[in-house]
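Here is a short briefing on how this chain is held together on the inside. Take a look at the model first, then read on.

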Amino acid sequence: FGSRFPGFQNNCSMVVILGLMRSVSIVTWLFAIAPSTGAVLLRRASERVTPVEKVTQLLNQLLAKVEDQGKLEATQYDKYACFCKEQADVKLYSIEKYTKEIELLTAQLGALDSEIAEKLLVLQGKTTDKENTESTIATMITNRASEHETFSKNVDDINAAVDAVGRALAWLKQQKTGVAEHISLSAVPGLAQLRAHSSKLASAGSLSQRLQSALSSLEQQNPVKYQFHSDAVIRTLEELQVSFKEHSQSLLTDEDSKQNDHDVEVVALESHIRVLTDAIADLNKRLGEATVAKEEAEKLKGEKTADMTAQQNFLAELRTMCETKATNWDQRSKMRAGEITAITEAIRIVDAGIQPNYHVNKKLNLAESGRGIQPFASTHAPSSNPLSFLQREQRTDNTVPARRAVELLSTAAGTLHSPLLATLVLKAKIDHFEKVRGLIQDLITELEGQKTADQDFATYCQEQLEDATSRRDATQTTLEEARADIATARASAIQLQDDIEIYSKEIEQLTHALAEATALRGSEKSTFDKSLADAEEGKVAAEQALKILKDFYENSGLLQTGYVPSNADREGKTVGDLAPESWEGTYSGSQNESHGVIGLMEVILADFERTVTSLHQTEGMSDQEFEDFQTKSQADIATNDANKVSAENALKDGESSLTTLTEDENSLEKTLDGIKAELANMNAMCVDTGSDLEKRKQARLSEIEALKEALKVLDGWSK
């Protein structure tokens with residue numbers, strides 16, 4: 001550490017003092033490259049903080065935080081450097097101590113290995129000796145059991161032979177006093193059993209030569225007859241009995257001797273086994289003690305080795321982290337200086353280029369919500385079925401002579417009290433010009449024909465009365481219809497006057513709205529040009545500030561390499577556990593805080609971009625809307641003007657028609673009065689006073705004259 005931390009060779013406290021002095025100088029340098037932030041820290045009071053004001057506030061807060069962190073990290077770095085020196089000294093001493101202890105334990109383990117190997121070799125020999133001795137004892141016991149079994153069988157056969165001999169002797173001695181001279185030897189009881197047991201003993205090798213000879217001599221006796229006068233057989237049997245008993249006793253003595261020798265030898269071997277067992281137990285005990293000692297030594301060596309390895313790993317980790325910390329400190333100092341420069345430049349751009357132009361974004365909502373130029377909506381919707389005059393034939397200039405002819409006929413009808421003329425007047429008002437002339441011609445012809453006609457006066461009166469009554473009723477009906485037409489015409493005239501007034505007002509309103517829209521469009525165009533220039537300037541400033549911040553924070557974020565130690569010392573503590581509180585890794589700037597600032601700056605840039613785009617869109621829409629509004633307004637003015645002219649013409653025609661209808665009404669009233677007078681005259685002439693032919697003739701002439709006068713009027717006009 002001496003090359004990396006030269007101050008540690010002297011005194012850690014002195015290093016702390018020097019570190020603090022260095023921190024103060026670094027902070028002084030940071031403040032020297034940054035402009036005064038006193039004015040920047042001032043906040044403009046506002047009930048509603050704009051994104052620009054908020055980003056300015058965040059940038060100033062970030063600047064203050066970065067400066068405070070620089071002071072804190074300088075102090076932490078000096079403490080950390082002192083910690084590195086102290087820990088390195090402690091770990092190096094501990095590693096040297098563990099190295100010596102491990103060497104002693106390694107030598108101890110070598111001696112224990114030799115001792116254990118020697119004891120294992122001795123233990124193996126004694127174990128083999130014990131196993132062989134135990135096998136020998138087992139073989140001897142098996143052989144002894146087999147010998148004793150043979151002995152028991154032989155003793156049983158001898159005893160059976162002795163018993164057979166005794167029974168034979170007893171029987172033979174009893175027969176000596178009998179009357180029979182000769183007895184078969186095979187009839188002697190017990191001799192057959194004696195032969196059988198003797199044969200078994202001979203086969204087993206347990207019958208002596210003397211007994212075999214005695215039995216052989218007994219077998220050579222006459223088997224058919226035996227003469228008891230000789231005591232040779234009895235003596236032979238008695239000798240056999242004694243021999244068998246002696247042989248039995250000999251077998252017993254020999255068996256006891258063998259069993260005693262066997263027992264002595266087994267006891268000796270068992271004693272040897274016990275000695276071996278004790279020796280093996282002692283060897284196992286000492287071997288176990290040596291093994292335990294070896295295990296303890298190995299365990300202790302493993303613990304010491306693990307502790308030394310932990311200390312070595314800790315020391316390696318310590319060196320790595322302390323070297324990394326020193327490198328990171330250099331990087332963090334430079335990075336923090338660059339961060340302060342970037343933040344300060346961003347604050348300057350926001351204050352100079354964004355803040356003065358951000359107001360243009362506030363107008364965006366107004367532009368999007370509507371601009372006051374709306375198509376003029378007519379307040380008048382003419383009725384789809386407006387009132388109109390009674391449909392009648394189109395009148396042309398020839399209505400003047402027709403009307404004059406009708407007036408002449410009407411006057412004549414009233415003067416002459418002529419129902420014919422009155423009827424003609426009624427038809428002439430309804431029919432066409434040519435048709436009226438034809439009616440007059442027909443009526444003249446009729447009247448002239450009546451001059452020569454000699455009619456029955458009674459018939460004439462009746463016809464005239466009926467005709468007058470019919471004409472009176474028809475005239476009354478026509479008069480009522482004329483009055484209805486007059487009422488309809490007057491209502492239509494009132495409606496047309498209202499329509500004309502509405503069309504005039506609409507034309508006035510449309511003209512006024514078009515003038516206002518034209519003035520508003522000019523004002524909007526001026527506002528657009530100014531707002532677009534402000535938005536473009538603010539957009540450029542926002543892009544510049546955002547680029548400065550992103551260039552710093554995004555590039556510095558690539559250098560961040562956090563290091564997490566994985567090795568611990570023998571107490572289970574890592575370097576991180578023991579190290580004083582400090583920063584970790586390289587410094588990539590205040591990334592968390594920068595996200596908010598950059599995000600807000602991106603929002604501001606997006607606002608300017610959206611404002612520029614929306615201004616262009618709004619301007620295009622406004623221009624198009626104005627053109628559409630102008631076109632529609634002009635078309636609506638033309639339409640209303642045409643409707644007004646049409647309504648005025650219709651009103652003139654209606655007024656003319658109303659005049660005519662009024663005249664017709666007066667005429668009909670006069671005609672009706674004439675017809676009524678005619679009826680009264682006819683009644684007086686035909687019913688009350690009789691018929692005056694001369695008067696009727698004179699009246700007919702007057703009618704003809706009136707008709708001809710009317711016809712002259714019509715003929716003169718047509719020429």
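The link of C84 and C322 is left-handed, with -95° about the S-S bond. This is a predicted model, in which local features need pLDDT of at least 70 and side-chain atom pairs count only at pLDDT 80 or more, while totals for chains, interfaces and linings use all residues. Residues are numbered from 1 along each chain as its sequence is written, and side-chain values use heavy atoms, with hydrogens and water left out.

**The disulfide**

- The structure holds one disulfide, a term that stands for a pair of cysteine sulfur atoms within 2.5 Å.
- In this link, the sulfur atoms of C84 and C322 are 1.8 Å apart.
- Because C84 lies in helix 2 and C322 in helix 5, the pair ties together parts that are 238 residues apart in sequence.
- Helices here are DSSP runs (H or I, at least four residues), numbered from the N terminus.
- Both C84 and C322 are buried, meaning under 20% relative accessible area with a 1.4 Å probe, protein chains only.

**The nonpolar cores**

- A nonpolar core is a set of buried Ala, Val, Leu, Ile, Met, Phe, Trp, Tyr and Cys residues joined through side-chain atoms within 4.5 Å.
- The largest one has 37 residues, and L59, I354, M601 and I604 have the most contacts inside it.
- At least two residues of this core come from each of helix 2 (51-175), helix 5 (232-354), helix 10 (457-557) and helix 12 (591-688).
- Helix 10 gives the most, with ten residues.
- A second, separate core of 18 residues includes V155, I158, A161 and I234.

**Around M601**

- Beyond its neighbours within four places in sequence, M601 is in contact (heavy atoms within 4.5 Å) with residues including V55, L59, V350, I354 and L549.

Conventions. Buried < 20%, exposed > 50% of the residue type's maximum accessible area, 1.4 Å probe, protein only.
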